[in-house]
Amino acid sequence: MISPDDIDVVAPDGSVRSRVKGYFSGKQFIIDDMTVDVREGDEIRRSLPNGREEAFVVTDPKFYKNGHFGSHYQVSVARRGVFDKSSGDKYTINVSGHNSRVNVGSTDNSSNTVVLQSEDLAALSEELSRLREVVAAKAHDAEHYVAMGSLASAELAAKDGDASKVSKALSSLGNAGHWVLDMAKDIGVKLATETIKEQLGLP
């Protein structure tokens, strides 16, 4: 019989929504604990035997009532990667300097040219919200859903006025970063476009 994993459900702002047990099928988690709070864009982490953690982005959480297995959630996910415990996106990591880049296990002495003031962050939050909605409508593979979670994290950080967390979130756009940047240009969100370009290291 398959044993369940101990999993954490983590919100885009890094807070833990739920700690429950879940069965991983390779593409989704089956959770029969009805106290769980899991939403699209959340992250699920499970501990591996080697002490590291595997992270997934929630793409489609569905609830089934009184099915063959009783009431349960089937949570479709996109794999984000494997990280050392307490490191990686939405984990505690080393960040240095105003509007700094993310470095796991190292110190960054570099500086960015984009300095976001409080009024910029409020506008950026609105632009990232618009961009996230477009990304959600057009996402069709795992990397796109990972990017959607990163945008949600950046949007919340901008709303809270935290420039360093905005940089941290956008640094995790991964391989879909240029795809997201193209959409930002298409819909005319200029501040979001410049901020994403900075995190991608583009002029």
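Q: Which class do Arg45 and Glu43 fall into, buried or exposed?
A: Arg45 and Glu43 are both buried in this predicted model. The class requires a relative accessible area under 20%.

Q: What makes the contact between the side chains of Arg45 and Glu43 a salt bridge?
A: The N to O distance is 3.2 Å. The cut-off is 4 Å between a side-chain nitrogen of Lys or Arg and a carboxyl oxygen of Asp or Glu, so the side chains of Arg45 and Glu43 meet in a salt bridge.

Q: How many salt bridges does this rule give?
A: The count is 12 salt bridges.

Q: How do you know that Arg17 forms a salt bridge with Asp42?
A: The closest N and O atoms of Arg17 and Asp42 are 2.7 Å apart. A salt bridge needs these atoms within 4 Å, and the pair therefore counts as one.

Q: Where in the chain do the partners Arg17 and Asp42 lie?
A: Arg17 belongs to strand β2 (residues 16-24), whereas Asp42 sits in the loop between β3 (28-31) and β4 (43-47). They are 25 residues apart, and the pair links distant parts of the chain.

Q: Why is Asp42 called buried?
A: Asp42 has a relative accessible area of 1%. Buried means under 20%, so Asp42 is buried.

Q: Which class does Arg17 get at 27% relative accessibility?
A: Arg17 counts as partly exposed, because 27% lies between the limits of 20% and 50%.

Q: What makes Glu194 and Lys197 a salt bridge, and where do they lie?
A: Their side chains meet at 3.7 Å, N to O, and the limit is 4 Å. Both residues lie in helix α5 (residues 190-200), three residues apart, about one turn of the helix. An α-helix has 3.6 residues a turn, so residues three or four places apart point the same way.

Q: Which residues are linked in a network of salt bridges?
A: The network consists of Asp5, Arg46, Glu54 and Arg79.

Q: How many aromatic pairs does a search of the whole structure find?
A: The search finds four aromatic pairs.

Q: Why is the pair of Phe63 and Tyr73 called tilted?
A: The ring centres of Phe63 and Tyr73 are 5.1 Å apart and the planes stand at 50 degrees. Pairing needs centres within 6.5 Å; planes under 30 degrees apart count as stacked and over 60 as edge-to-face. Phe63 is in strand β5 (residues 53-67) and Tyr73 in strand β6 (residues 70-83), 10 residues apart.

Q: Which residues form one aromatic cluster?
A: The cluster is formed by Phe24, Phe29 and Phe56.

Q: Why are α3 and α5 called roughly perpendicular?
A: The axes of α3 (residues 163-170) and α5 come within 9 Å and cross at roughly 65 degrees. Angles of 65 to 115 degrees count as roughly perpendicular, so α3 and α5 receive that label. Their crossing is right-handed. Val166, Ser167 and Leu170 of α3 make the contact with Thr195, Ile196 and Gln199 of α5.

Q: What makes α3 mostly covered?
A: Six of the eight residues of α3 are buried. They are Ala163, Val166, Ser167, Lys168, Ala169 and Leu170.

Q: How do you know that α4 and α5 are roughly antiparallel?
A: The axes of α4 (residues 177-187) and α5 cross at roughly 160 degrees and come within 9 Å. Angles over 145 degrees count as roughly antiparallel, and α4 and α5 are therefore placed in that class. The crossing is left-handed. On the α4 side the contact includes Val180, Leu181 and Ala184; on the α5 side it includes Ile196, Lys197 and Leu200.

Q: How many helices and strands does the chain have?
A: It has five helices and eight strands. From the N terminus the order is β-β-β-β-β-β-β-β-α-α-α-α-α.

Methods
Residues numbered from 1 in each chain as written. Predicted model: local features only at pLDDT ≥ 70, side-chain atom pairs only at ≥ 80, totals over all residues. Heavy atoms only, no water. Helix = DSSP H or I, 4+ residues; strand = E, 2+ residues; numbered from the N terminus. Buried < 20%, exposed > 50% of the residue type's maximum accessible area, 1.4 Å probe, protein only. Phe/Tyr/Trp six-rings, centres within 6.5 Å; stacked < 30°, edge-to-face > 60°. Axes fitted to C-alpha atoms, helices over the stretch in contact; angles between N-to-C directions. Parallel < 35°, antiparallel > 145°, perpendicular 65-115°, else oblique. Left-handed = near helix turned anticlockwise from the far one by under 90°. Contact = heavy atoms within 4.5 Å.
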